[in-house]
Amino acid sequence: MNNSFKDELHFLELIILRAIDCILLDFICTSKAMDSHEFRKRGTEMVEYICQYLETLDQRRVIPSVEPGYLRHLLPAEAPQQPESWDTIMADVDDKILPGVTHWQHPRFHAYFPAGNSFPSILGDMLGDGIGCIGFSWAASPACTELETIVLDWLGKAIGLPDHFLALKNGSTGGGVIQTSASECILVTMLAARAQAIKRLKSQHPFVEECHLLSKLMAYCSKEAHSCVEKAAMICFVKLRILEPDENASLRGHALYEAMEEDELQGLVPFFVSTTLGTTGSCAFDNLLEIGQELQKFPGVWLHVDAAYAGNSFICPELKPLLKGIEYADSFNTNPNKWLLTNFDCSTLWVRDRIRLTSALVVNPLYLKHGYSDAAIDYRHWGVPLSRRFRSLKLWFVLRSYGISGLQKYIRHHIDLAKRFEQHVIKDKRFEICNQVKLGLVCFRLKGNDKLNEKLLSAINESGKLHMVPACVGERYIIRFCAVAQHATEEDIDYAWDIIVDFANELLEKEQHDELTEIINKKKENTLAQKRSFFVRMVSDPKIYNPAINKAGTPKLSLETASPVVSRSGAGNPEIRTQSSVDHHSWISWPLAFLFNSNNEDSGQKSNVSLRFRHLDTNVRSSSSRRSSAAGSSPSPENESNVVSAIRSPKRSPRKGPLTINSISNQ
């Protein structure tokens, strides 16, 4: 090969490698940073993907059929070193992510409470994410702060909150704020109440350590309150007393008053009460009016109202009576991300006095101060986190897109669906309703034990056709059914009921079959036991198989007769001994005694075992020979007349036979 050809080949190789490098570099640059052109394309595709997902949800299982750790085996152990294409990522979404998703927007999803969602909310959240501001103070993003204040006043007025909860009302010291969840709402209000209580106690006892004062604080809630109240008490290091509600799962005023009075006598300091309007378990309502009136006797106690689900429904005029007593509250929260078509996270909290809230949470370093700190609201003082998303934007989009009337229509529709399901349950006498159906939640169960209902719910959920969750209300296992899908229909409710009935029929048939099988098996066992018992009695009681014994009857011996033991001496004459002198005797039946004698005859041995007959309490010794016995004699009571004569006249020789009488006693 000449040098010129080698040079040409090397040059060609360099050109190919350079081309490959350019292609790879172009691919890497394209994949590394999505520009606005690519974003438009992929954004349009994502909107279409979301629409298709929501429109085809009814074709999917409600809950996934995967086990813990399924995704770990499908994805690499480390992040990729090089960028990957968007198409590859979306393919993995379809193949690996969605199979493990529980579809909360599914028309067959009836668990928990609604997971609010709507296109205006999604677009509002998208815009907020696009703006990407961190609204911890007014200066950080004035529109973020001011829109939140305005939107919270809008919603507060629609719900029917008193004016002192509204930030923009003249003379009001209250206001609203968006938190991540109802759990955070309860936590920050408990922190504020704790700070106020410690401050008050410190003024009364200036020389007592704050840690000692903290140990005296007592908070209260109902047994049906959400578990986040207990968690908040754990975080705040305060005691929590959980009170029993009435038969309707409602906390009453007298129960709270008695508990607080008792604790005060023990030296404790009540400082916080969390009530619930629409409990998680059964959507029960604490008697807020009674509780508020009783708390007037305990100044300084913070009254919080948790209405995470039900509070949204108070925008309907006909449901506002459920809010009765709200004028006594110090704070109130509800979750638009449950029942107002706003996607998570969006939990709204209102307080009567914002200074009481912020004084417990203020931390004000220099780098967070600004020139309008005294004139504007800084929401970083209203909660635990400093950084805050532009969440008011999506709520604003929803309120404007639907209007209050549209949201009222949506809530009323869900309540109508719940009433329809309630009627299905009432018509089937095998089921029972377990709560007062006021809103969109129906609690029901099969009439029977808890285990039966556990089996029913487990079978339904495992099928993937429906998804419901249980609750324990009044120490009973119940099944919760809630209309949650935005566009749920009556057909969806009827379908759900048909599925429940089908599984109930199958379960009850199996239970009846198992019960019948158990009865049959028990009857067989009893029959076998009876047969065994009869056999035992047969071999121990001659009256069962020898009618002649029943005819002859048991001889009645005089109680005055001693219990002699008759034994044969070497001369063949009977020798009478007392019962106590007998050292060995056995309980034995008539047929066994007969066999015993036969065996002795055949072996030619004499038995020294005295035999005692159970029905006569008689002891005998077997004879060594039957040669001298009378023909046809048998060990039966038919020959007992001679036995009695032998006892009364011991000198008389006994009749010869296969058995020699040792003793007879009458008991």
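## Exercise 1: Around L201

Task: Find what L201 touches beyond its neighbours within four places in sequence, and decide whether L201 is buried or exposed.

Solution. Start with the contacts: once neighbours within four places in sequence are set aside, L201 touches L213, L217 and V269. Keep in mind that this is a predicted model. Now take V269, which is 68 residues from L201 in sequence, with a C-alpha to C-alpha distance of 9.2 Å. Last, check the cover: the relative accessibility of L201 is 7%, and buried means under 20%, so L201 counts as buried.

## Exercise 2: Pairing the strands

Task: Starting at strand 4, trace which strands it pairs with and in what sense.

Solution. Begin with strand 4 itself, residues 269–276: 8 of its 8 residues are buried. One partner is strand 2 (residues 217–222), running parallel to strand 4 and joined to it by 5 bridges. Within that pairing, M218 faces P270 of strand 4. Another partner is strand 5 (residues 302–306), also parallel, with 5 bridges to strand 4. Here T275 is opposite V305 of strand 5. To see how the chain gets from strand 4 to strand 5, follow helix 10 (residues 288–295): the β-α-β crossover is right-handed.

Now step out to strand 3 (residues 239–243), which pairs with strand 2 in parallel through 5 bridges. S222 has L243 of strand 3 as its bridge partner. Between strand 2 and strand 3 comes helix 8 (residues 228–236), and the three form a right-handed β-α-β unit.

## Exercise 3: The nonpolar cores

Task: Say how many residues the largest nonpolar core has, and which helix gives the largest share of it.

Solution. Count first: the largest nonpolar core holds 73 residues, and I159, V273, F314, I326, F332 and L439 have the most contacts inside it. Helix 13 (residues 392–427) supplies the largest share, with 8 residues. Another core lies apart from this one; it has 34 residues, including I186, A193, W302 and V351. For some background, nonpolar side chains in soluble globular proteins tend to be buried together.

Then zoom in on I326: ignoring residues up to four places away in sequence, I326 touches L161, P162, F165, L288, V305 and F332.

## Exercise 4: The whole chain

Task: Find how many helices and strands the chain has, and what percentage of its residues is buried.

Solution. Tally the elements: there are 18 helices and 17 strands. Of the 667 residues, 43% are buried. For contacts with a separation of 6 or more, 71% link residues 24 or more positions apart. Finish with the surface: the accessible area is about 35,900 Å², and carbon and sulfur atoms account for 55% of it.

Definitions and conventions. Residues are numbered from 1 along each chain as its sequence is written. This is a predicted model: local features need pLDDT of at least 70, side-chain atom pairs count only at pLDDT 80 or more; totals for chains, interfaces and linings use all residues. Side-chain values use heavy atoms; hydrogens and water are left out. Helices (H or I, at least four residues) and strands (E, at least two) are DSSP runs, numbered from the N terminus. Buried means under 20% relative accessible area, exposed over 50%, partly exposed in between (1.4 Å probe, protein chains only). Contact means heavy atoms within 4.5 Å. Accessible areas come from the Shrake-Rupley method with a 1.4 Å probe; for residues, only the protein chains shown count as cover. A nonpolar core is a set of buried Ala, Val, Leu, Ile, Met, Phe, Trp, Tyr and Cys residues joined through side-chain atoms within 4.5 Å. Two strands pair if DSSP finds at least two bridges between them. A crossover is right-handed if, with the strands pointing away from the viewer, the path from the first strand over the helix to the second runs clockwise.
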